[in-house]
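Work through the exercises below with the coordinates open. Each task is followed by a solution in steps.

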Amino acid sequence: MATEAFTIRAETEIVHKLDDLAGSLDKSRNDLVNLAIKEYLETHAWQVAKITQGIAAANRGELIDHDDVMKEIEDLIERKTKANS
């Protein structure tokens, strides 16, 4: 896989934490930064895709009434609360 170099500036504390973690995992700072960026991009790509799907559904009129959503959330909270008691 081709790579490309670029430079970032990070707070000193972040760099020290990154170096500590890299040392603990026997990985390089570069490996951890690449992993973090990949995970960030995957997470945010998923979120953006879901938001885009939601907007498209709303544009098609596929909406759920606010009161119905709140009732479902309240029921879920109540079930979880009872299960944890």
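The exercises go from the overall fold to single side chains.

The model is predicted, so numbering starts from 1 along each chain as its sequence is written, local features need pLDDT of at least 70, side-chain atom pairs count only at pLDDT 80 or more, and totals for chains, interfaces and linings use all residues. Side-chain values use heavy atoms, with hydrogens and water left out.

**Exercise 1. Overall fold**

Solution. 
Step 1. Count the elements, where helices (H or I, at least four residues) and strands (E, at least two) are DSSP runs numbered from the N terminus. There are three helices and zero strands, in the order α-α-α from the N terminus.
Step 2. Check the box along the principal axes: the C-alpha atoms fill roughly 50 × 40 × 25 Å.
Step 3. Look at burial, where buried means under 20% relative accessible area, exposed over 50%, and partly exposed in between (1.4 Å probe, protein chains only). Buried residues are 5% of the 85 residues.

**Exercise 2. Helix spans**

Task: Compare the end-to-end C-alpha distance of helix 1 with its expected span, then do this for helix 2 and helix 3.

Solution. 
Step 1. The expected span is 1.5 Å times one less than the number of residues.
Step 2. Helix 1 (residues 12-25) has 14 residues and reaches 20 Å, close to the expected 20 Å.
Step 3. The 18 residues of helix 3 should span 26 Å, in agreement with the 26 Å between its end C-alpha atoms.

**Exercise 3. Helix ends**

Solution. 
Step 1. Most residues other than glycine have a negative phi.
Step 2. D26 has a positive phi of about 55 degrees although D26 is not a glycine. D26 sits in the loop between helix 1 and helix 2 and is exposed, at 72% relative accessible area.
Step 3. After helix 2 comes G61, with a positive phi near 85 degrees.
Step 4. At helix 3, the N-terminal cap is D65, with a side-chain oxygen 3.1 Å from the backbone nitrogen of D67. This is a polar contact (N or O atoms within 3.5 Å; within protein, one must be able to donate a hydrogen and the other to accept it, and residues adjacent in sequence count only if both atoms are side-chain atoms).

**Exercise 4. Salt bridges**

Task: How many salt bridges are there, and where does the pair K17 and E13 lie?

Solution. 
Step 1. Apply the rule: a side-chain nitrogen of Lys or Arg within 4 Å of a carboxyl oxygen of Asp or Glu. The count is five.
Step 2. K17 pairs with E13 at 3.1 Å between the closest N and O atoms. Both lie in helix 1, four residues apart, about one turn of the helix, and both are exposed.
Step 3. In helix 3 (residues 66-83), K71 and D75 are also four residues apart, and their closest N and O atoms are 2.8 Å apart. K71 is partly exposed at 48%, and D75 is partly exposed at 25%.
Step 4. E78 and K82, also in helix 3 and four residues apart, form a salt bridge at 3.1 Å, N to O. E78 is partly exposed at 43%, while K82 is exposed at 58%.

**Exercise 5. Nonpolar patch**

Task: Which residues make the nonpolar surface patch?

Solution. 
Step 1. Patches take residues with over 30% relative accessible area and no salt bridge, joining like charges within 9 Å and nonpolar side chains (Val, Leu, Ile, Met, Phe, Trp, Tyr) within 5 Å.
Step 2. F6, I8, I37, Y40 and L41 make a patch of about 550 Å².
Step 3. Of these, L41 is in helix 2 (residues 29-59) and is exposed at 52%.

How values were computed:
Accessible areas come from the Shrake-Rupley method with a 1.4 Å probe; for residues, only the protein chains shown count as cover.
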